[in-house]
Amino acid sequence: MGRDVPSVSFTREDRRRYRDKVKLSLDVLDEMLRESRFGFDRPQMGLEIELNLVDSRGEPAMKNAEVLAAIAEPDWATELGQFNVEINIPPQVLSGEGSRLLEESVRRRLNRAQERAARVGGQLMLVGILPTLRETDVSEGTLSANPRYKLLNEQIFAARGEDLHLMIEGVDRLDTYADSITPEAACTSVQLHLQVSPETFPDHWNAAQVIAGPQVAVAANSPYLFGKELWRETRISLFEQATDTRPEELKAQGVRPRVWFGERWITSVFDLFEENVRYFPALLPLCEEEDPRQVLDEGGVPELHELRLHNGTVYRWNRPVYDVSDGVPHLRVENRVLPAGPTVVDIAANAAFYYGLMRVLPSAERPVWTRMSFAAAEDNLRNAARYGLDARLYWPGLGEVPAAELILRRLLPMAYHGLDLWEVDPVQRDRLLGIIERRCVTGRTGADWQVRTARAFGGDHEALRRMTLRYLQHMHTNEPVHTWGM
């Protein structure tokens, strides 16, 4: 959501006023887009990483308040569950040695945070879903203390009117109910930001949608939930279900889910903001004093508080972001499909793969999305989440092919070319994309390593706990996951 909210109850008047403010903000955004009021010099890359907290046994540690107090750094924040924290990495350019400097910065920050977290009995873990997490760990009582999470929980369940049904068919079968949104906290991700101009935003968003499936296939790192082996990237299905405001009847009527891939290619960033307003009722109808129309008419830059808050409660896998920095408005594509981990260098490799492709695909003479259906891109994401590198993905000119073959034959060459266009240092380019290549050749992702190791240890909760401790040892070496032994 990107901001704190007070503890409050909402009236019908609150909702009416908020709807009016959101629509006004949408009109103002439309005018700003038509008048080209956005600043854009060169692309900036940003990063957010969500982490789990574990104790010395590898079990969830409900200590985010104590850990954050010990870290005491402004770039660290709470997340939904008491066993989660988040770090925000300032945006920077990718050219030259930018990728190496970014990776080193992340490692320094995480190492410093780990030292301080250890003082209060916590360890930081980079993983898509904590393998040792049990159903009893995700209740309303384990929500973070920040009032925004309690309020969000209340509003989602008020909209649903019933408990959440979580059902995932994988290697095992999960079929259970939850009385809070805390299962969402099991999903820890890496979010990649790319600042782009309004004119090129549609091509960048469409390109990000196209590559979501391959991204997930090669980075899968979430095979376990509540002791069950499910999808290679179970986080995708869990996040969709854990924030669903729709009872079965509204699903049957075709009401859109709040965790949403979308339903069409776009021709303007306005399409996405307008869909969010048109299709989704407010969850947190909180109004600020700003009159965006007045601010714009007086030559200022409106914050568009209500529109941004509403946008933050629609969880697109590739989300449009409006923001203001140093008095200048800008737009970003926020890529949300990747899990955290397994190591910082694996995260850096995933980012290099994404940013390389995003330099080439949006400017192609005949864009990929003009040659494939939107539904095919969504199917790719679903198949990649379920099967990882064993998935078969569709690509124009190839048809359905194994994910590893698609990445090796088509996407990696594009990513190499893209990083060259970004003017990334060739040594860093080869090192990071070489990690993606070796994952494809060996078939070893974080999910694959977890499953093989847990099975070798016996497959029960004790096996998951031992595997988690072994994972932590490997994680701290910062050696890429395809090189890990048992």
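How many bridges join strand β5 to β6? The views below are taken from a predicted model.

View 1. Strand β5 (residues 164-169) and strand β6 run antiparallel and are joined by six bridges. E169 lies opposite R173 of β6.

**View 2. The two faces of strand β6.** Strand β6 spans residues 173-178. L174, T176 and A178 make up its covered face, while R173, D175 and Y177 make up the uncovered one.

**View 3. Crossing of helices α3 and α15.** Helix α3 (residues 98-118) and helix α15 (residues 426-442) have axes that come within 8 Å and cross at roughly 60°. That angle makes α3 oblique to α15. On the α3 side the contact involves S99, R100 and E103, which meet Q428, R431 and L432 of α15. Sorted by class, this contact has three charged residues, two polar residues and one nonpolar residue.

**View 4. The largest nonpolar core, around F353.** This core has 160 residues, and W76 and F353 are those with the most contacts inside it. Helix α12 (residues 344-360) supplies the largest share of the core, 13 residues. Leaving aside residues up to four places away in sequence, F353 touches V218, I407, L411, L412, A415, L433 and I436.

**View 5. Helix α7.** Helix α7 (residues 234-242) is mostly covered, with nine of its nine residues buried. The buried residues include charged side chains, R235 and E240, as well as I236, L238 and F239.

Definitions and conventions: Residues numbered from 1 in each chain as written. Predicted model: local features only at pLDDT ≥ 70, side-chain atom pairs only at ≥ 80, totals over all residues. Heavy atoms only, no water. Buried < 20%, exposed > 50% of the residue type's maximum accessible area, 1.4 Å probe, protein only. Helix = DSSP H or I, 4+ residues; strand = E, 2+ residues; numbered from the N terminus. Axes fitted to C-alpha atoms, helices over the stretch in contact; angles between N-to-C directions. Parallel < 35°, antiparallel > 145°, perpendicular 65-115°, else oblique. Contact = heavy atoms within 4.5 Å. Core = buried A, V, L, I, M, F, W, Y, C linked by side-chain atoms within 4.5 Å. Pairing = 2+ DSSP bridges.
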